[in-house]
There are 2 protein chains.
Amino acid sequence: MRIRTIEWKNKSVRIIDQTALPARLKYLELRSVSALWRAIKKLQVRGAPALGAAAALGLYLAVKDSRARDYQELKREIDRAADHLGSSRPTAVNLFWGLKMMRLAALENRNKPVAQIKLALLRRAKEIMKEDSSVCRKMSRYGAELIRNNDNILTVCNAGALATVDYGTALGTIYRAKEQGRRLSVYACETRPLLQGARLTAWELKAKGIKVTLLCDNAAAALMSSGRIDKVIVGADRIASNGDTANKVGTYNIALLARYHHIPFYVAAPISTFDLSKRTGKDIPIEQRHAREVTHYLFKKPSAPPGVAVFNPAFDVTPHSLISAIITEKGIIKPPFAKNIRRTAK
Amino acid sequence: MRIRTIEWKNKSVRIIDQTALPARLKYLELRSVSALWRAIKKLQVRGAPALGAAAALGLYLAVKDSRARDYQELKREIDRAADHLGSSRPTAVNLFWGLKMMRLAALENRNKPVAQIKLALLRRAKEIMKEDSSVCRKMSRYGAELIRNNDNILTVCNAGALATVDYGTALGTIYRAKEQGRRLSVYACETRPLLQGARLTAWELKAKGIKVTLLCDNAAAALMSSGRIDKVIVGADRIASNGDTANKVGTYNIALLARYHHIPFYVAAPISTFDLSKRTGKDIPIEQRHAREVTHYLFKKPSAPPGVAVFNPAFDVTPHSLISAIITEKGIIKPPFAKNIRRTAK
């Protein structure tokens, strides 16, 4: 089954509404920047690489009906839309990378008529999506080399087709290994508070015919100590130049548990996830999300007493010392990370 | 506010229905062994020490209207009820301890008329409850010595008044420290799948006027690395003779994270929680619970695709090497545990 998370269709950004999964596979057609902003904020579309594509299409949405008469006027609209989109999810660097790519495309075409610039922007957004597709597949070839027959692989959150345009980063390596004929099984941490592991990863793996077992995040240590896990593969939302990796909250937990149990811990992420302007993970901004995500299950029934204080960071930072290797489309980056990232990601 | 989790009232076992919290403080009056068995299974009453009291009252329920004519006939009924009650939660050793205490009471009174034996059983069950109350308070005095002013304490699940007859083990030490004038704040891991931390611990701490912050279990590593946690205090469901501790799933996770972040990790449990017949944690049976606890939030709406496999142990085992000390009513047991537990718990 081909999963197409985000695409340009019917003059709109068509996305899978990830908040409707696993109950329904429902598509949304977004026709304005503000609709897209809301969809990003509500996590109807999420996943670092998918957000890069969303940002790119979003900038095109912002200008496609513009009445700007020249590049300067158009640029002001682009800047405003980029600032707005950038405010939706501050941690995912791919989102900012997508915005930057689009601004560059506008700049490169600044001497053309506005209609031509608009077309160039749509072309660039489509290239970014195509590139994401291709990057995931390249990455998966490197990652699949790390996977042996009969491996049991633990993952957190969703770094699959639903986190990218259509193939996945961490899960992409698993799809590739399966395509190459290896048998494997995945353990998916459910990933509180919003259960991306239960709702998205379990759904996606089942759709792709891969054996999946779900667990609560806090059962990971028991699972590892039972000897059932051979390796951990996760995605990333932003990687600092020393290899410190921001990813969905809980990733750092899992990395520590993996270290204690002598289980290799891999990060799979496109080069666009690296932020070389950040020296270490301490410099990465961490989005704090609303208490209701924790106190009200999926925003409905309360499961905690009213008014209770909540600690709800969307991400945590895994120190590079706990990471065995980073899988990218340019190959596998091993420690020492500071040196090897500089060489690969520049 | 006094919380009375379990008591003998109106010729029935009166419990707080813990599945109704935090929305409502609702009491149930259980008048048969099978009603009590169901209440235990559904976790309407839970917590290792409270289960000891429930088991004791349950055996009295089983015989109070018995038509047995002598000890032998009564004993057969007691044995049958004990086997039945023991099957409800295999990990909590206090439950078996409660059953054993009651059988002993019957044995001690075997030469009396059946009516007298029944009375002796009710008396013993009430003593067990009173003893639990007193044990928690003794334990809390030792535990409170470990707590300093302005401490931020992390806990998992619920080892409070709701897990005991009326005061708590891990949370009891916190109540005592507060009564002694210390300021402190508690971080409660929500404790998936059944959210005892969010539903019970947050409710109970608020009721007792203690500052509480809720977090998803997988945010604990981020919280610890922020430097905000001074110590961890948890309860226990069974402790092997070497100090390995079975407690709510996720405890082992937290113990590992605490070790990495150099945070002391304490277990608070009455002596009745020790099972000296178990050499290590490997010998402790771990209850596996139903997949629906994970896939259907509190048994209602599904949050995972239908039919997904689930790993859902109710407990995990924290190796003794990760435990700083065990707080009991006979004092604080420090490593080497094998030697010091033998000395204290025999």
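A:Arg124 and A:Glu127 are three residues apart in helix H5 (residues 114-144) of chain A, so about one helical turn separates them. Helices (H or I, at least four residues) and strands (E, at least two) are DSSP runs, numbered from the N terminus. A:Arg124 and A:Glu127 form a salt bridge, with the closest N and O atoms 3.1 Å apart. A salt bridge is a side-chain nitrogen of Lys or Arg within 4 Å of a carboxyl oxygen of Asp or Glu. By this rule there are 40 salt bridges over all chains.

The model is predicted: local features need pLDDT of at least 70, side-chain atom pairs count only at pLDDT 80 or more, and totals for chains, interfaces and linings use all residues. Residues are numbered from 1 along each chain as its sequence is written, chains are lettered from A and ligands numbered from 1 in the order in which they are written, and side-chain values use heavy atoms, with hydrogens and water left out.

How are the two chains related? A rotation of 180° with 0.0 Å of shift along its axis superposes chain B on chain A, with an RMSD of 0.0 Å. The two copies are thus related as by a two-fold rotation axis. The superposition is by least squares on the C-alpha atoms of residues with pLDDT of at least 70 in both copies.

The contact (heavy atoms within 4.5 Å) takes 52 residues from chain B and 52 residues from chain A. Because 100% of the interface residues of chain B are also interface residues in chain A, the copies meet through the same surface. Together the chains bury about 4200 Å², 66% of it on carbon and sulfur atoms; buried area is the accessible area (1.4 Å probe) that two parts lose on being put together, summed over both. Two salt bridges cross this interface. A:Arg192 forms a salt bridge with B:Glu190, the closest N and O atoms being 2.6 Å apart.

A:Arg192 is also joined to A:Pro193 by a cis peptide bond, with omega about 5°. A:Pro193 is in the loop between strand S5 (184-189) and helix H7 (196-207) of chain A. Most residues other than glycine have a negative phi, and most peptide bonds are trans. A:Asn150, not a glycine, has a positive phi of about 70°, and A:Asn150 lies in the loop between H5 and strand S4 (151-155) of chain A.
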